[in-house]
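Thanks for making time this morning.

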Amino acid sequence: MRILLVASAFNSLTQRVYTELRERGHRVGVELALGDDSLRGRVAEFEPELILAPMLTTAIPEDIWTAYPVLIVHPGPKGDRGPSSLDWAIHEGAWSWGVTVLQAVAEMDAGPIWATEPFAVAACGKSELYRNEVADAAVRAVLTAVRRYASGTFEPEPLDYTRPDVRGRLRPYHDQTQRRIDWTADDTATVLRKLRAADSQPGVLDELFGREYFVHGGHPEDRLRGVPGAVLATRDGAICRATVDGAVWLPQLRSRRTPGGPPTYKLPATLALGSDLPAVPEAPVTPTEAAGRDTWSELRYREENEVGYLEFAFPGGAMSTAQCRRLLAAYRHACTRPVEVLVLGPGRDFFSNGIHLNVIEAAADPAAESWHNINAMNDLVEAILTTTDKLVVAALAGNAAAGGVMLALAADEVWCRESVVLNPHYRLMGLHGSEYWTYTLPRRVGAAEAERLTREALPVGARAAAQLGLVDRALPGDAEQFWSRVRRDAENLAATMELADRLIIKKQRRAADEAERPLSAYRASELAHMRRNFSEPGEPYPELRRDFVHKVRPATTPQHLTVI
């Protein structure tokens, strides 16, 4: 069918639905909800058989939904209505929730139901839940709804609150009065629920050292204790704040915007606080120590059955200069361990999205910080590429983009969960790109396919990526099932008699590639482009970066999304 996706942003869920529908042979167009007239024009031009709205924060005009079938994806069970569905589910401690696909009508979220799918609510932040359990349930519901619509025989179910399976209700916007933390009364579990329900937007409005900030994200701490509300320690840019019965780590803050002032954006907590942060101790933890504790750490390392696992989890998948350097140090330590199979990747969320644009934007000299950041990424990728005594597996349970994709491609094998969406390109940020992509990407997919992927700048689903050779495996199941399979297969690799031969072949191939063209030549060529992108007048990167960080809405739907 000709299906038009209408969305407030081409976010992770919209991209996932886009790739899933295209894989099934549908002709899929995208239109951002930037105004009623532009939407009307796009609908008239595209002539869709079906309109789908995977993520929409505004209403579709009546003249469109009366003329075309319009299906809305709502992140709530049957009967749930309102703009804060997931926020309420997490805030109230729901253990199960749902996604419903319903038809657009005049009353918001009250249309006939085409499909609904349940999911378990994991103990994590809203954004992580959205990209995992919600997205999986949403795709199942969307595919069911599309099949039912295509059949021409299915009658959608009217919303009827007298039915026993309709357990939702109309809920108000979840504002800051419900989110407010009382540090003198709220226990750790309550604080975490409030923080997780507000992650990544809108954050919990709070006060620190006489200023107001939005707090984004929260993680428990198992040892530190103190006066409720007091900041007890820092660790790798996060701050630890005491509760009445424990403490929580707060990794990111966003200054409250003053009336008429410039936009604000999320930053590592210590960077956001700056000189307002008093002298508090740093509470370091090694990746190996963190793996055995219930505390916050971006890095964890453990060994099981002759396999090393280096887990990294950076908020939003962005990796600053400091984060790249810490991960490089952890990787080098892992390389000293007596294991021959090393698995890299987070447990559930983003693998990596490359350099940290927010930290770069906040720098006194963004061009210089961009340069430091890309070189730190390159150092990390180079270390992986030049590891010849271990088989390195990149395990992607979550999405990756730009330099984050190239970080994965540095590994010997790339294993993805089927739900993963990859964006192996840099063009939309006005960058040529580095991370040795001119070596690793053509090596996997060929020069012509590498040129197409970077030029078209469209998302690629894991199954399609496996068909292209971009990744080696696309594994089904949720994150837990994915990691169960990864552990089993990694242990089998470590135990196989062929591993020694594979390592010999790997070393020989690296030597042959180096003789043909050294890695330093790839790096120098890429960085020559990047230096111009970062520093020369007229380059689009500074403005594109600023718009991305400040969440500036485009005036029109980007042209690369309108091509089908």
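**Helix packing, voids and backbone**

Let me start with α1 and α5, which are oblique to each other, where oblique is what remains once angles under 35 degrees are called roughly parallel, over 145 roughly antiparallel and 65 to 115 roughly perpendicular. Before going further, please keep in mind that this is a predicted model, in which local features need pLDDT of at least 70 and side-chain atom pairs count only at pLDDT 80 or more, while totals for chains, interfaces and linings use all residues. Residues are numbered from 1 along each chain as its sequence is written, and side-chain values use heavy atoms, with hydrogens and water left out.

Two packed helices are described by the angle between their axes and the distance between the axes. For helix α1 (residues 12-23) and helix α5 (residues 126-151), the axes come within 10 Å and cross at roughly 40°; axes here are lines fitted to C-alpha atoms, for helices over the stretch in contact, and angles run from 0 to 180 degrees between N-to-C directions. The helices themselves are DSSP runs of H or I with at least four residues, strands are runs of E with at least two, and both are numbered from the N terminus. The crossing of α1 and α5 is right-handed, meaning that the near helix is turned clockwise from the far one by less than a right angle, anticlockwise being left-handed.

On a 1 Å grid over the protein atoms alone, a cavity is a set of points where a 1.4 Å probe fits but cannot get out, whereas a pocket is an open set with protein on both sides within 12 Å along at least five of seven lines, and lining residues have an atom within 4 Å of a point. The search finds 5 cavities of 30 Å³ or more, and the largest cavity holds about 110 Å³, a volume being the space filled by probe spheres set on grid points joined across faces, edges and corners. Its lining has 16 residues, with Arg16, Arg131, Ala135, Asn399 and Ser419 closest to the centre, and α1 and α5 are the elements that give two or more residues to that lining.

The second largest pocket has a volume of about 370 Å³. Which element gives the most to its lining? That is α18, with 6 residues, and α12 (366-385) and α14 (437-445) also supply at least two each. The lining of this pocket has 8 nonpolar, no polar and 8 charged residues.

As for α14, its axis and that of helix α15 (residues 447-456) come within 7 Å and cross at roughly 115°, again with a right-handed crossing.

I will finish with the backbone. A cis peptide bond with omega about 0° joins Asp199 and Ser200, and the bond from Gln201 to Pro202 is also cis, with omega near 5°.

Methods:
Ala, Val, Leu, Ile, Met, Phe, Trp, Tyr, Cys and Pro count as nonpolar, Asp, Glu, Lys and Arg as charged, and the others, Gly among them, as polar.
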